[in-house]
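User: I am new to reading protein models and would like to learn how to look at one residue, then a pocket, then the domains. Could you take me through it step by step?

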Amino acid sequence: MQKKFEQVLMPVATKLANNVVLRSLRDGFLIITPLIIVTSIFLLIGNFPIPGWADFWSGVLGPKWSEWFSAVSDSVFSFTGLLACFGISYAYGKNRGLQAVHASAVAIVSFLIMTPTTVKVGKTTLGAVQTIYLGPNGIFLGLFTALVSVELYRFAIKRNWTIKMPDGVPPAVSESFDALLPSAFVILFFFLIRIIFSLTEFNTAYNFIYTMLQAPLKNVGNSLPSVLLYNFLASLLWCFGINGPTITNSVWSPIFFVLTQDNLKAFQSGAKLPHIYTQQFIDIFTTYGGGGSTLSLLIVMLFVCKSKRIKELGKLAIVPGIFGINEPIIFGLPVVLNPIIAIPFIIVPVLNTLISGFVFSMHWIPYTNGVMLPWTTPPLISGWLSTGSWTGSVLQLFELILGVLLYYPFVKMLDKQYLNEESAAAELDDVDIDFSDI
């Protein structure tokens, strides 16, 4: 069975991991993730979930104190579409062997060409760009613009549509002239695309992509089956030594990113949070201590097991595990190619997803607010901060304990196996063989 799984999964996982487009999507979102985490901290400070927090600081700093923090968070969250276009085009250009800076610059210009540039105020039409087009609603437009513009740029470069400067010209000048004709080609293409869409019922490419693609994909991604499949595949791939989230995020990351940003915008404005299934839901309420929810496994290893090998590994791995780092367990226990541990490793995150999905759907816990906490934030703290309610921490504690109970019988089997191996090794060490008579 294990060999059959390897024969089926390994080629698929390898192809997905090596696909330049999916890899660039993942890397592109990772480029802007530090900005999102940092500005999320400012947003969290401005909206900290403690009664009287806002009134206290208003009395100390004045009534406009929250605007200072909002200015920082808005600088990123109101422009996530534009930033996604930059990050993805930079990563894709780099992976395609291009000058990534030039590729990302022309992608941003192309994105702005495709963005609606008029605003109606009463009967007057003004020339302006609304941040609604540059923020979460523009993420898929930014994604497609980044990929298409880089491909067109690469097409022109490969056919030597460049202006060659004589020797002795500084490299920066030569590179800028090399980019001149390819940039013009890309800009002309998007200029024509804008004209074509203006003649349709959609009027803009933004309206077309949002209506035909982004909204339907959000509905599909914002569902329990979608998240169950995500966690099942991520856990299954880890069991074969493949970094599961690296593969699954290549497909799901753009969808979960949009859903998370929707909740964040609603949280900023004080509106009702729209989505259950966000990136925070997956990271904070389905896996504790990393893939497979191995913090529960570590607790069993530390407090139940008798094998010296398991207990020593548990002591070494418990602190990293609290902060979401579980590679010592994945490869040290190991989880990889270990059929005994693979069963709960897959079941526990899936069961956590079912329980959390039910609890959130019953509105027993507030939806996640979209604030991007550092991925090393420990459980219980992350549950409280992401929902603004102590009930989030209670759910995490319940699922941690449930995970301990599910892991227990399987870890005990492994513990017994390792104890037998250790006993056999100790007996061999005690045997004193005298080779002098041989």
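Analyst: We will go through a few features in turn, keeping in mind that this is a predicted model.

User: Where does S40 lie, and is S40 buried or exposed?

Analyst: A residue is called buried when its relative accessible area is under 20%. S40 is part of helix 2, which covers residues 20-46, and because its relative accessibility is 1%, S40 counts as buried.

User: Which residues does S40 touch, leaving aside those up to four places away in sequence?

Analyst: With those sequence neighbours left out, S40 touches F77, V371 and M372.

User: How should I read the largest pocket, and which residues lie nearest its centre?

Analyst: One can begin with the space and then turn to the lining. The largest pocket holds about 1300 Å³ of space, and among its 45 lining residues, P245, N249, Q279, D283 and W375 lie nearest the centre. Two or more lining residues come from each of helix 2, helix 12 (224-238), helix 13 (244-269) and helix 14 (279-285), and helix 13 gives the most, with 8 residues.

User: How many residues of that lining are nonpolar, polar and charged?

Analyst: The lining of the largest pocket divides into 20 nonpolar, 22 polar and 3 charged residues.

User: Into which domains is the chain divided?

Analyst: The chain is divided into domain 1, residues 78-221, and domain 2, residues 233-424. Their centres, taken over C-alpha atoms, are separated by 38 Å, and the contact takes 11 residues from domain 1 and 11 residues from domain 2.

How values were computed: Residues numbered from 1 in each chain as written. Predicted model: local features only at pLDDT ≥ 70, side-chain atom pairs only at ≥ 80, totals over all residues. Heavy atoms only, no water. Helix = DSSP H or I, 4+ residues; strand = E, 2+ residues; numbered from the N terminus. Buried < 20%, exposed > 50% of the residue type's maximum accessible area, 1.4 Å probe, protein only. Contact = heavy atoms within 4.5 Å. 1 Å grid on protein atoms, 1.4 Å probe; cavity = no way out; pocket = protein on both sides within 12 Å on 5 of 7 lines; lining within 4 Å. Points joined across faces, edges and corners; volume = space filled by probe spheres on them. Nonpolar A, V, L, I, M, F, W, Y, C, P; charged D, E, K, R; others polar. Domains from an automatic or database assignment.
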